[in-house]
Amino acid sequence: MRIGVIGAGRIGGNAARLFAKAGHEVLVSFSRDQCKLEALAAEIGGRAGTPREAVQFAQVVMLSVSWTLIDDVVAEAGPFEGKVLIDTTNQFGREGWEDLGGRTAAQVNAARLPGARYTKAFNTLTSGFQAEAAGRTGPDRVVMFLCGDDEEAKRIVSGLIDDAGFTPVDMGTIADAAPMEAPRREGAVYGEEVHEQEARDFVARLSSS
């Protein structure tokens with residue numbers, strides 16, 4: 001599968017490595033340091049380009065930039081129409097966590113990306129932990145939560161999560177995303193290492209409440 005990563009920093013860069021290792025074609029884009037971007041592309045056997053090139057190249061786009069840069073980057077990247085999109089961002093602004101007025105960050109960002117087949121994933125765990133934990137097996141295998149309103153897009157992203165070395169667990173729709181979003185707090189999975197049975201029990205409790 002062709003994957004375009006917009007924001008090849010810690011989360012996006014690590015995901016790019018994991019996707020490339022699994023055999024996917026990867027184009028990385030949007031870095032403060034063009035030399036580092038090109039070095040990452042060479043390291044993983046991929047390509048470096050612009051955000052617009054990433055969208056045009058990809059079947060799946062990963063958006064992994066700072067919350068305050070999203071609107072500018074989306075405008076630069078061009079239309080996302082029909083693209084499966086993985087949003088890894090969290091709602092930390094320049095002054096800390098942003099109150100979204102009762103909406104989930106997933107709902108806010110899905111509205112910023114009309115036409116995209118929006119999903120949210122790869123946002124609950126630090127990049128260092130993702131790099132260290134990817135590929136664990138058996139009961140130690142770590143869960144990666146996802147959400148979205150497009151069931152086929154979630155199926156595709158679940159496959160990529162598995163390819164990256166994690167167990168995908170569906171949190172539900174974008175309206176159900178709050179437990180997997182910042183900040184870290186009681187009753188949420190953001191920032192927590194979770195394994196499959198615990199994750200499925202957690203989602204079942206949410207569904208029945």
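Reader: Among contacts in the protein chain between residues at least 6 apart in sequence, what percentage join residues at least 24 apart?

Author: This is a predicted model, in which local features need pLDDT of at least 70 and side-chain atom pairs count only at pLDDT 80 or more, while totals for chains, interfaces and linings use all residues. Residues are numbered from 1 along each chain as its sequence is written, and side-chain values use heavy atoms, with hydrogens and water left out. A contact means heavy atoms within 4.5 Å, and among those in the protein chain that link residues at least 6 apart in sequence, the share joining residues at least 24 apart is 68%.

Reader: Is Glu181 buried or exposed?

Author: Glu181 belongs to the loop between β10 (167-172) and α8 (196-208), where helices (H or I, at least four residues) and strands (E, at least two) are DSSP runs, numbered from the N terminus. Buried means under 20% relative accessible area, exposed over 50%, and partly exposed in between, with a 1.4 Å probe and protein chains only. Because its relative accessibility is 2%, Glu181 counts as buried.

Reader: Which residue has the backbone nitrogen that the side chain of Glu181 reaches?

Author: Leaving aside residues up to four places away in sequence, Glu181 touches several residues, including Gln91, Thr104, Lys120 and Tyr190. The side chain of Glu181 comes to 2.8 Å from a backbone nitrogen, which belongs to Ala105.

Reader: What percentage of the 209 residues of the protein chain count as buried?

Author: The protein chain holds 8 helices and 10 strands, and its C-alpha trace spans about 45 × 40 × 35 Å along its principal axes. Of its 209 residues, the share that counts as buried is 52%.

Conventions: A polar contact is a pair of N or O atoms within 3.5 Å; within protein, one must be able to donate a hydrogen and the other to accept it, and residues adjacent in sequence count only if both atoms are side-chain atoms.
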